[in-house]
Amino acid sequence: MPSAVSMDKIVALCKRRGFIFQSSEIYGGLNGFWDYGPLGVELKRNVKEAWWRDMITNHDEFSTPPGAPSAFSMVGLDCSLIMHPQVWKCSGHYDLFHDMMSDCRETKRRFRFDQIRGRWVHVEKDARGIHRYFIMTDADTPEAGLEDTVVKACKFFDVRRKDAEAALTWQSPGLVGITPKDNLAHVVTPGATQPGTMTEPREFNLMFKTTIGALGGAEDAAFLRPETAQGMFVNFKNVLDTQRVRVPFGIAQMGKSFRNEITPRNFTFRSREFEQMEMEFFCHPDQSRAWYQYWRDRRYQWYLSHGLGSDRLRLRDHAADELSHYSVGTADVEYAFPFCEPGEFGELEGVAHRGDFDLRSHMEGKLVRDASGCLAVETGADGKPRHPGSGKDLVYFDDQSRERYVPHVIEPAAGADRATLAFLCESYHEDAQPDEKGALQPRVVLKLHPRLSPIKVAVLPLVKKDGMPELGLELYRNFKRAGIPSYFDQQAAIGKRYRRQDEIGTPWCITVDGQSLQDQTVTLRDRDSLEQVRMPVNRVIDEIAARLRG
RNA sequence: GCGGGCGUAGCUCAAUGGUAGAGCCCCAGCCUUCCAAGCUGGCCGUGAGGGUUCGAUUCCCUUCGCCCGCUCCA
């Protein structure tokens, strides 16, 4: 396990060998945006290609995979980045992504305004002449918060705990929030020694805003999608009407999404422009639990089978209070990135059971939970839907069972850039290998799964003479013709060339030596074991192809 | 967005208010028969902008980026 591998070394390798560059680097870079270099683009394409093939191209809709409740169909989609603004209003992103944030000028802490909790308290003897204060708490639970407000108030007003009851008159039995109408001059933030240290709440736009049309004004505002999912929901009926698929089936899509992350950090992990690999799986409500289990387990296995170590990868079920407003169950596939604290993990993929939230939203309008916990259309002051839906009928009719229902949705949503980064981190190894004199020399090697390696095989003439380059070049061209990404290198000593390939994760090197010219054999070297086997040159392409098939 | 730290060659690191150096890497050539050999030569830099100064990589301001903490994370 690469326990002590630092992120710095991985970032340096990515730059040095052309995997990942900072966006617009010659202009000083742009925070939260990244470019994939010549090797990085191949690696990321291989990650996406593996996902697409496993989800769509290689899927057999006539057989039932192990663990699946039944056979099912899979189709792909590629939607526009910019969609009708109403899509984001109904999906809930428009409201959710406009967070109001407020900072404490004294303690330098930042709070989401709608998440502020505390209690109003009245004090009779007050030097400032305010008498009414809002004591904020940062405790995790309402019970702890109640106790915390008392402790914080005693400290703030310099009151002994036994005198608290007499000196402090609480205005509410439980914790409450504040609104922009409340006087912020009376608010005491956690740890502050003065009241009124809070800034006015400011809006954070987490969706990228753009304008449609060259002369577009405010009413032509649109958004770059913050997720690819909505394109699949709004095309649900199109797919159903044109593809002869029936529930259960899935729609998959890969593509760029955009979020104005407040703090882009940790290399490409939290980028503002990123690529998703998402799937929306539509199934009967009665079977949705079983399908959720199936996808949750299958997606976890996918990462394991592509080389992420089980000791750094985990499948974590969300706690009930952690679930999104629409979700009835969510599990994250998480990886212990080098930048994570011990015991901490970073999310690679979220597998969510979304119920009928999405299809209903696009029929009826934006949904919220009502007092009884049921999803209902959110209404404005006028009693009309706050964000009206399309009004189109997205109810599914099963002509076998004569049943009508809104399908439930299981959504495995993966980050292509995060997966790529995880594979890079996992595969990065530093070891020591003997040089020609037997002395141990440090080696950097990316032990990538061959399916993901940018270059599958390098052809290396042992020395640059006696016909070895010619024979090697011919073999190299044959690899190209066979569709196997390959590389030809006759520069520098053979050991150095092996190391170059190790560093970019090339699983195999083929060396043309003096014996090759005599008997038409070459040696095949394995990146991880360094073992070499000799085989006829006319068999080596089949051998590599077979190893790639696994 | 706030606070702290940091920006010198592709990488690692020197140096200086007065022509910016080294090692590695890379490229060319010689040599070289299996794991970063050697020799010769070559390419390449003070993040950006402004100010002070006769002169700024060095001092000051702004900006961009990176790291840590806070915050955020559908």
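## Aromatic groups

Phe-72, Phe-281, Trp-291, Tyr-294 and Trp-295 come together as one aromatic cluster. For rings of Phe, Tyr and Trp (its six-membered ring), pairing here requires centres within 6.5 Å; planes under 30 degrees apart are called stacked, over 60 edge-to-face, and the rest tilted. This is a predicted model, in which local features need pLDDT of at least 70 and side-chain atom pairs count only at pLDDT 80 or more, while totals for chains, interfaces and linings use all residues. Residues are numbered from 1 along each chain as its sequence is written, chains are lettered from A and ligands numbered from 1 in the order in which they are written, and side-chain values use heavy atoms, with hydrogens and water left out.

Across the whole structure, a search finds 29 aromatic pairs. One of them joins Trp-51 and Trp-52 in a tilted arrangement, 6.2 Å centre to centre with 45 degrees between the planes. Trp-51 counts as buried because its relative accessibility is 1%, whereas Trp-52, at 23%, counts as partly exposed. (Buried means under 20% relative accessible area, exposed over 50%, and partly exposed in between, with a 1.4 Å probe and protein chains only.) Trp-302 and Tyr-303 form an edge-to-face pair, at 5.2 Å centre to centre and 90 degrees between the planes. Here Trp-302 is buried at 6% relative accessibility, and Tyr-303 is buried at 0%.

## Arginines over rings

Two arginines are worth a look in the viewer. Arg-119 lies over the face of Trp-170, 4.0 Å from the ring centre, and Arg-132 lies over the face of Trp-120, also at 4.0 Å from the ring centre. The criterion is that NZ of Lys or CZ of Arg is within 6 Å of the ring centre and within 35 degrees of the ring normal.

## The five-stranded sheet

An open sheet of 5 strands runs in the order E26-E25-E27-E28-E29, with mixed pairing. Strands E26 (486-488) and E29 (532-536) are at the edges with a single partner strand each, so one side of each lacks a neighbour in the sheet. From one strand to the next, the twist averages 25 degrees. Strands (E, at least two residues) and helices (H or I, at least four) are DSSP runs numbered from the N terminus, and two strands pair if DSSP finds at least two bridges between them.

Strand E25 (residues 457-461) runs parallel to E26, joined by 3 bridges, and Ala-458 stands opposite Tyr-487 in E26. E27 and E28 pair in the antiparallel sense over 4 bridges, with Asp-526 in E28 as the bridge partner of Trp-508. E28 and E29 are also antiparallel, over 5 bridges, and form a hairpin with 5 residues between them, where Leu-530 in the turn has a positive phi of about 65 degrees. Because 5 of its 6 residues are buried, E28 is largely enclosed by the rest of the structure.

Helix H13 (residues 494-503) lies across E25, E26, E27, E28 and E29, running at about 170 degrees to E25. Such angles run from 0 to 180 degrees between N-to-C directions, with axes fitted as lines to C-alpha atoms, for helices over the stretch in contact.

Which residues of helix H1 (residues 7-16) are buried? They are Met-7, Ile-10, Leu-13 and Cys-14. Seen down the axis of H1, these fall within an arc of 125 degrees, so they line one face of the helix; the arc is that of the directions from the helix axis to the C-beta atoms. They pack against E1, H11, E23, E24 and H13, where contact means heavy atoms within 4.5 Å.
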